[in-house]
Amino acid sequence: MEHDAGWYPVPFLDERVEPLCCAYCGKSEQTTLDHVPPRVFLDSPLPSMNPIGVRACKPCNLSFSAAEEYVAVLLDVICHGAADVSQWRHKTRRAVSGNTRLLSRAASAAANMPDRCDLAHEDHGVGLVMRKLAVGHWAMNMGDRSYTDPSYVSLHDGAGLSFQKIDAYVTSTLGERCLFPEVGSKAFISAVTTGRTSVDRWRTVQPGRYRYRIEESGIAVLLGDRFFGMARWQY
Ligand SMILES: [Zn+2]
C-alpha cells in the first residue's frame with residue numbers, strides 16, 4: 001500500500017520527536033495548532049486527513065493567519081483581476097466580502113509589481129508566508145525545528161509554464177540530494193513504508209491547489225498549479 005508521509009493523521013508518529021514549543025519562535029508558552037499548509041490556500045472540502053500542522057504560539061499563529069488570507073487574495077487578484085471577484089475561489093471571495101480594505105490593499109500591491117518576477121521580494125506579506133511555510137514544513141515533515149529564517153525565499157508567477165519546467169527550475173535551485181530525516185518523523189516514515197531512500201518528490205496536498213517538495217537545502221511549494229515558491233537555508 002502506498003503511503004504518503006504528508007497524510008498521516010498526526011504530525012509525528014513518534015512523539016519523542018514532536019517539538020513541544022512554537023515551531024517558529026521557539027517559545028514554549030501555550031501553543032496552538034498552526035495549519036501547514038494554511039486552510040485558506042485549500043478549497044473545501046479539505047483533504048480528509050486535514051488538519052495537519054505544527055505547534056505555534058498564539059502571536060505567531062495570528063500574524064500568519066492575516067498574512068495568509070492576504071496572500072490568497074493577492075494571488076486571485078493576479079490571476080483574475082480585482083474588478084470582478086466572481087472568477088475567484090470561494091474562500092477568497094468570502095475574505096474580501098465586507099473587507100474592502102483587504103481588496104484594495106491586494107489590488108494596489110498587484111498593480112505595483114508589474115514584473116512579478118519574485119512576489120516575495122516585492123511584498124512583505126508574501127515573504128512572511130513563504131518563511132512560515134518553509135519553517136512549518138521543515139518542522140512538520142523532518143521532525144526538526146529551524147528557528148532561523150531561511151536565508152532566501154521567493155514566490156514566482158509561473159503562468160504559462162508547464163509543471164515539468166517548474167520542476168526543473170526548482171531542481172536546479174534546490175538540488176536533489178537525499179534527505180536524512182529524524183527517526184519517527186513523517187519523512188522517515190515515508191522512506192520506510194515506501195522503500196524510498198529519498199523523499200525529494202512533490203507531495204500533493206490538494207490537486208490543483210497545493211503541492212510541496214522538500215530537499216536537503218530547502219523547500220518548494222506550488223500554489224494553484226501556477227505560483228511556485230522556494231526557501232533555502234544556508235549551512
Ligand atoms: Zn511563536
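Student: What share of the contacts in the protein with a separation of 6 or more comes from residues 24 or more positions apart?

Tutor: Two residues are in contact if their C-beta atoms, placed from the backbone, lie within 7 Å. By that criterion, residues 24 or more positions apart account for 67% of the contacts in the protein with a separation of 6 or more. Before going further, note that residues are numbered from 1 along each chain as its sequence is written. This is also a predicted model, in which local features need pLDDT of at least 70 and side-chain atom pairs count only at pLDDT 80 or more, whereas totals for chains, interfaces and linings use all residues.

Student: Where is the confidence lowest, and where is it highest?

Tutor: Where pLDDT is low, the predicted coordinates should not be read in detail. The pLDDT, which is the predictor's confidence in each residue on a scale from 0 to 100, has a mean of 84 in the protein, with 80% of the residues reaching 70 or more. Confidence is lowest in helix α7 (residues 186–194), at a mean of 66, and highest in helix α2 (residues 90–96), at 97. Over residues 1–11 the pLDDT is below 50, and this stretch has 24 contacts in the model beyond near neighbours in sequence.

Student: Which residues touch the most other members of the largest nonpolar core?

Tutor: A residue is buried if 20 or more other C-beta atoms lie within 10 Å of its own, exposed if 12 or fewer, and partly exposed in between, with C-beta atoms placed from the backbone. A nonpolar core is then a set of buried Ala, Val, Leu, Ile, Met, Phe, Trp, Tyr and Cys residues joined through C-beta atoms within 7 Å. The largest such core has 55 residues, of which Leu74 and Met130 touch the most other members; helix α1 (residues 58–80) gives the most to this core, with 11 residues. Leaving aside neighbours within four places in sequence, Leu74 is in contact with Ala106, Ala109 and Ala110.

Student: How many bridges join strand β1 to β2?

Tutor: Two strands pair if DSSP finds at least two bridges between them. Strand β1 (residues 31–35) and β2 run antiparallel and are joined by five bridges, with Asp34 opposite Val54 in β2. In strand β2 (residues 53–57), five of the five residues are buried. Strand β4 (residues 203–206) pairs with β5 in the antiparallel sense over three bridges, and Thr204 has Arg211 in β5 as its bridge partner. The hairpin of β4 and β5 has three residues between the strands, and Gly208 in the turn has a positive phi of about 80°.

Key: Helices (H or I, at least four residues) and strands (E, at least two) are DSSP runs, numbered from the N terminus.
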